[in-house]
Amino acid sequence: MFVTFEGLDGSGKTTQAELLADALRAEGRDVVATREPGGTPLGEEVRRLLLEGMEMSRWAEAALFAAARAELVERVIAPALDAGKDVVSDRFVDSSLAYQGFARDLGIEEVYELNRVATRGLLPDVTFVLEVDPDTSAERVGQSPDRIEREGREFRQRILDGYRIVAGKYKERVVLLDGTRPPDELHEEIRGRLREHS
Ligand code: TYD
């Protein structure tokens, strides 16, 4: 099973990804946990370029995220799934659809096309989008925003809108959840949804 977590920075997705990976392991399942951008040596280098590096054009940004993702799929995610393991990822292709496709206005379809080729069509079985409003996100991220987080409130709102459009487009796969609910409660809901799914 391939499960991904999505949302604005500060939405609690990292916490939920960790809680789920731990819970699955406690049941004796073999779990590979990963994050994007990153998760491989090349991916971590690309992450640094994307988040701390120079300004770049929008398609260059989308292509770098896709490059890091291609490496992660080829070396980590696909081999794990082929070996029958579960994969839990903190962000995946839907981040690019919401951030680059919608918020940066490149087009959700166009960015999906780039990623479809880069990932050889791999999509998660289930994706949880944790929704928090732009102000909660800003408060939780605090004083050290990365290059993308620095964009401001309007941009964060566009990301949220982008995620809603993506959720509408992939109804069978994407679940929207209220990220302001207590973490334990959210975790239980996520477990329940996954049981329904499998
Ligand atoms: P993330 O690792 O969630 O940041 P943090 O370590 O601060 O929690 O993601 C880094 C940033 O990259 C974040 O602002 C979202 C952005 N991003 C995209 O714009 N497109 C993508 O495809 C991905 C994976 C991330």
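Student: What joins strand β2 to β3, and what makes the two strands a pair?

Tutor: In this predicted model, five bridges join β2, residues 31-35, to β3, and the two strands run parallel. Pairing requires at least two bridges, so five bridges qualify β2 and β3 as a pair.

Student: What makes β3 count as mostly covered?

Tutor: Five of the five residues of β3, which spans residues 86-90, are buried. A residue is called buried under 20% relative accessible area, so each of these five falls below that limit. Asp86, Val88 and Asp90 point one way from the strand, Val87 and Ser89 point the other way, and all are buried.

Student: Why is strand β4 described as largely enclosed by the rest of the structure?

Tutor: Six of the six residues of β4, residues 126-131, are buried, and therefore the strand is largely enclosed by the rest of the structure. Both faces are covered. On one side lie Val126, Phe128 and Leu130, on the other Thr127, Val129 and Glu131, and all are buried.

Student: Which strands pair with β4?

Tutor: Strand β1, residues 2-7, is joined to β4 by five bridges, and the two run parallel. Strand β5, residues 174-178, also pairs with β4 in the parallel sense, again over five bridges. Thr127 takes part in both pairings: Thr4 stands opposite Thr127, and in β5 the bridge partner of Thr127 is Val174.

Student: Why is Asp9 called buried?

Tutor: Asp9 has a relative accessible area of 19%. The limit for buried is under 20%, so the value of 19% places Asp9 in the buried class. Asp9 is found in the loop between β1 and α1.

Student: Why is Asp22 called partly exposed?

Tutor: Asp22 has a relative accessible area of 47%. Exposed requires over 50% and buried under 20%, so 47% falls in between and Asp22 is partly exposed. Asp22 lies in helix α1. Asp22 and Ala33 are eleven residues apart in sequence, with a C-alpha to C-alpha distance of 9.5 Å.

Student: What makes the approach of the side chains of Asp9 and Arg91 a polar contact?

Tutor: The contact between the side chains of Asp9 and Arg91 is 3.3 Å.

Student: Which residues come nearest to the ligand?

Tutor: There are 16 residues around the ligand, and Asp9, Arg47, Arg91, Ser96 and Gln100 come nearest. An N or O atom in the side chain of Asp9 is 2.8 Å from an oxygen atom of the ligand. For Arg69, a polar side-chain atom lies 2.9 Å from a ligand oxygen atom. In the case of Gln100, a polar side-chain atom lies 2.8 Å from a nitrogen atom of the ligand.

Student: What is the volume of the largest pocket, and which residues lie closest to its centre?

Tutor: The largest pocket holds about 330 Å³ of space. Its lining has 19 residues, of which Asp9, Glu36, Pro37, Arg47 and Arg91 are the closest to the centre. The elements giving two or more residues to this lining are α1, α2, α3 and α4, and the largest share, four residues, comes from α4. By class, the lining of this pocket has five nonpolar, four polar and ten charged residues.

Student: How many cavities of 30 Å³ or more are counted, and what lines the largest cavity?

Tutor: The count is one cavity of 30 Å³ or more. The largest cavity has a volume of about 60 Å³. Its lining includes Leu8, Asp9, Tyr99, Phe155 and Arg156. Helix α7, residues 153-169, provides the largest share of that lining, three residues. The lining residues of the largest cavity divide into five nonpolar, one polar and four charged.

Note on methods: Residues numbered from 1 in each chain as written. Predicted model: local features only at pLDDT ≥ 70, side-chain atom pairs only at ≥ 80, totals over all residues. Heavy atoms only, no water. 1 Å grid on protein atoms, 1.4 Å probe; cavity = no way out; pocket = protein on both sides within 12 Å on 5 of 7 lines; lining within 4 Å. Points joined across faces, edges and corners; volume = space filled by probe spheres on them. Nonpolar A, V, L, I, M, F, W, Y, C, P; charged D, E, K, R; others polar. Buried < 20%, exposed > 50% of the residue type's maximum accessible area, 1.4 Å probe, protein only. Near = heavy atom within 4 Å. Polar contact = N/O pair within 3.5 Å; in protein donor to acceptor, adjacent residues only side chain to side chain.
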